[in-house]
Amino acid sequence: MSDPTLLVLASLAEGDKHGYAMMEDIELFAGVRLGPGTLYGAITRLEERGWIGPVKTRDERRQPYRITAAGQEHLAEQLASLNRVVKTGLSRLKQA
Amino acid sequence: MKRVLRFLIYLYPAWWRRRYGRELEALLEDSGSRWRDVWDLFRGATEMQMSKWTFAAIVVACGIAGLVLSCVGALSMSIPYRYRSTAILKIEPAFNTDALNRVVDAAFAPQALSDIIRQEHLYGEAPIDRSIDRLRRAILIRPTGSNLAQVSFAYENPAQAQRVTQNLIGRIISANVNPSVNPNGLRIEFDASPGPPKRQFEGKRLSLVGLGLPTGMLFGVALALILRRRRARTAS
């Protein structure tokens with residue numbers, strides 16, 4: 001799983017985070033360090049799609065983001081699809 | 001490094017910087033600077049710049065980039081080919097940089113080089129001081145063994161390059177005979193006369209220039225397809 005948009009959504013599923021917190025979290029759970037350009041590219045696309053949104057804050061430079069209901073739905077669909085692939089792959093490996 | 005990364009933020013489109021610029025700056029402050037982030041930001045900025053472009057605009061932009069590259073290549077084509085003629089000197093008892101430098105300095109005195117330039121009509125109408133500098137820069141002397149040295153000269157005309165190399169070698173050998181120039185008794189003689197001059201590396205310029213435009217176009221098409229596929233995937 002290396003799609004940055006999916007990684008960002010998975011990170012925000014845990015709770016609101018700003019850019020650096022997302023970067024740290026993703027590195028922790030996925031072992032992937034997203035570069036600043038990649039991370040903000042993903043944030044831009046996700047916000048355009050309405051899957052995440054900014055949370056009101058005093059520190060505008062460290063803007064937290066929140067996953068929206070549509071974002072949660074999309075993430076669930078994507079993870080379910082991934083889950084099917086993982087299950088199929090694992091069962092086929094066992095048979096081999 | 002931080003300055004480079006901050007500069008790269010300016011490569012993003014204005015609408016994007018207004019919305020995310022300050023956040024990205026804060027992220028760079030928090031996460032520290034890494035060289036691989038330079039490429040990451042550059043790629044991100046290019047992607048954002050192109051995110052609002054149409055397929056045709058990307059192809060045209062890359063075509064223009066290819067055309068510019070071709071023009072630069074064409075400009076380099078206006079520089080004539082150079083041919084290098086090389087001769088080998090044998091030095092006894094052994095190669096000695098200081099002693100050889102003394103001999104070469106005496107052999108290549110400004111008057112001697114000026115004579116060669118006039119005799120061979122080198123460098124057109126350029127002032128003699130500039131021509132002497134150019135002649136010096138075109139001469140290469142380097143050791144090729146314990147007692148061998150390579151002397152070479154590059155010029156646009158291969159026949160002139162060969163004659164000048166012959167002349168330079170003759171002057172080195174003549175200067176070497178002078179005891180005030182060569183107190184150590186270094187013996188310098190021909191090992192190999194200047195051979196047929198060889199064209200220098202820039203010979204492949206034409207093919208490189210010819211590749212510029214189609215390469216740019218292909219790059220543009222590939223990039224546009226990748227971006228289109230990514231947009232479609234995000235939208236699904």
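**Packing of helices α6 and α8 in chain B**

In α6(B), the residues Ala112(B), Leu113(B), Asp115(B), Ile116(B), Gln119(B) and Glu120(B) are in contact (heavy atoms within 4.5 Å) with Gln160(B), Arg163(B), Val164(B), Asn167(B), Leu168(B) and Arg171(B) of α8(B). Sorted by class, this contact comprises 5 nonpolar, 3 polar and 4 charged residues, where Ala, Val, Leu, Ile, Met, Phe, Trp, Tyr, Cys and Pro count as nonpolar, Asp, Glu, Lys and Arg as charged, and the others, Gly among them, as polar. The model is predicted, with pLDDT of at least 70 needed for local features and 80 or more for side-chain atom pairs, while totals for chains, interfaces and linings use all residues. Residues are numbered from 1 along each chain as written, chains are lettered from A and ligands numbered from 1 in the order written, and side-chain values use heavy atoms, without hydrogens and water.

Helix α6 (residues 110–120) and helix α8 (residues 158–177) of chain B pack at an angle of about 150°, with their axes 11 Å apart; the axes are lines fitted to C-alpha atoms over the stretch in contact, and angles run from 0 to 180 degrees between N-to-C directions. α6(B) and α8(B) are therefore roughly antiparallel to each other, a term for angles over 145 degrees.

Chain B as a whole has 9 helices and 5 strands, assigned as DSSP runs (H or I, at least four residues, for helices; E, at least two, for strands). Of the 236 residues in chain B, 38% are buried, that is, under 20% relative accessible area with a 1.4 Å probe, counting protein chains only.

How values were computed:
Buried means under 20% relative accessible area, exposed over 50%, partly exposed in between (1.4 Å probe, protein chains only). Angles under 35 degrees count as roughly parallel, over 145 as roughly antiparallel, 65 to 115 as roughly perpendicular and the rest as oblique.
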